[in-house]
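Good morning, and thank you for making time for this. Let me put the structure up so that we can go through a few of its charged side chains together.

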Amino acid sequence: MRNFVFHNPTKYVFGKDTVKKIGEEIASFDSKKVLLVAGGGSIKKNGVYDTVVDSLKKHGIQWVELWGVRPNPVLSKVREGIEIAKKENVDGVLAVGGGSVIDTAKTIAHGLFIDNVWDMFVDSSKVPDSALPIYVVLTISATGSEMNGGAVITNEETGQKWAFSSPLSYPKVSIVDPTVQFSLPKKQTANGGSDALSHILEAYITGKSTDTTVYYDEGLMRSIIDNIDTLMVDPRNYEARASFAWAATLALNGISSKGLAGDWLSHAIEHAISAIYPDVAHGSGLAVVHPAVLMYRRKHNPEILKRWAQQVWGENTIEGGIERLRAKYKEWGLPISLKELGVKPSDWQSIIDKTVELGWGDLWEPITPQVVEEILRYADI
Ligand code: NZQ
Ligand code: ZN
């Protein structure tokens, strides 16, 4: 096991009827006026917005609103939010949505304390040591952003989908009411399942059979697969929604990687793809890329991949486990090949260049264009 520190400061409020607590929670952290950040309107349709503003009013919290954060959120929307936050003199940022909305909120919260907010994505030493407090009402379980310190934003001008992290990016409080996810389209639920599995696998495949975290991760992966299976036929099943929501948080709140290293090559390639194709949902991109990365990683950690195939899939070979993963994604309605994702062969070079530029995934060897190309070939089925 590697040395580690585990410190997660987010207050996590979970369960039915918890959205109405947001005003009280924000008041307890002493914010008086927040910037409410939201996406394309799902929270108006499912009633979450009304519950949030009722709660804000009840607890005397003022707010202003930033709408229109899109999946694969963009820097121009962040800049718009920073301007509103400055003009309106807010003292907190409230994200009501999924990973895209939360990541936009995290970036705005830091962006008030740096001249050019993109600088902190390019150079981690520029991440400011001040930020507005961040509050979250989660509406889709997938990224774990509700309980971690990371954020991913696409700079539309440079074509880079990059990340920053900061201890101040952990939300002060995250409210996770699984019932608000009853309104999710099946495809979005499946995207969340694929993303959560990927978060666990990125660390798991660097582990050893004796690692406690490896045992823990196997339980988490099996729980995700079983609960998403249930949600594919019964989207309003509370127990499955709740179990998956908690599992997706645990998949990237730090615990599932403690004592292990991290690969993150699948995420690097997916971020390159969705930087070029902004309509590719992160979870769908990963459903194509991650099995291909596992094929490539067979040579690097065969012992753990064999164990994964046995413990998670009941298969005796690594290839058998990877085939089962692909079949599961297909059953959930996710794409499993670059063609299904709509990736044109003429864009391979750009995907390769962006992945190499990002530089994630070099645990076992430097990430060269040849490495990425070999993985894309495994995804070209
Ligand atoms: O925009 P609205 O209308 O709200 O619709 C959203 C959006 O279209 C919809 N949705 C959300 N909750 C809903 C709902 N529809 C009906 N009912 C609800 N309850 O779902 C769509 C997807 O939302 P989005 O926030 O984009 O999804 P997700 O949570 O998967 O976030 C993906 C983004 O997060 C990044 C990804 O790269 C991508 O940009 N990631 C962030 C990470 C982090 N901060 O830790 C780690 C991840 O690896 C990932 O990179
Ligand atoms: Zn992810």
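This is a predicted model: local features need pLDDT of at least 70, side-chain atom pairs count only at pLDDT 80 or more; totals for chains, interfaces and linings use all residues.

K126 is partly exposed, at a relative accessible area of 44%, where buried means under 20%, exposed over 50% and partly exposed in between, with a 1.4 Å probe and protein chains only. Its partner is D123, also partly exposed at 28%, and the two form a salt bridge whose closest N and O atoms are 3.8 Å apart; by salt bridge I mean a side-chain nitrogen of Lys or Arg within 4 Å of a carboxyl oxygen of Asp or Glu.

Residues are numbered from 1 along each chain as its sequence is written, and side-chain values use heavy atoms, leaving out hydrogens and water.

Across the whole structure, a search finds 16 salt bridges. One of them joins K161 and E270, at 3.7 Å from N to O; because K161 lies in strand β7 (residues 160-165) and E270 in helix α10 (residues 265-276), the pair ties together parts that are 109 residues apart in sequence. Helices (H or I, at least four residues) and strands (E, at least two) are DSSP runs numbered from the N terminus. K161 is buried at 7%, and E270 is buried at 0%.

Then there is E319, which pairs with R298 at 2.7 Å between the closest N and O atoms. E319 is in helix α13 (residues 318-331), whereas R298 is in the loop between α11 (282-297) and α12 (302-313).

Key:
Chains are lettered from A and ligands numbered from 1 in the order in which they are written.
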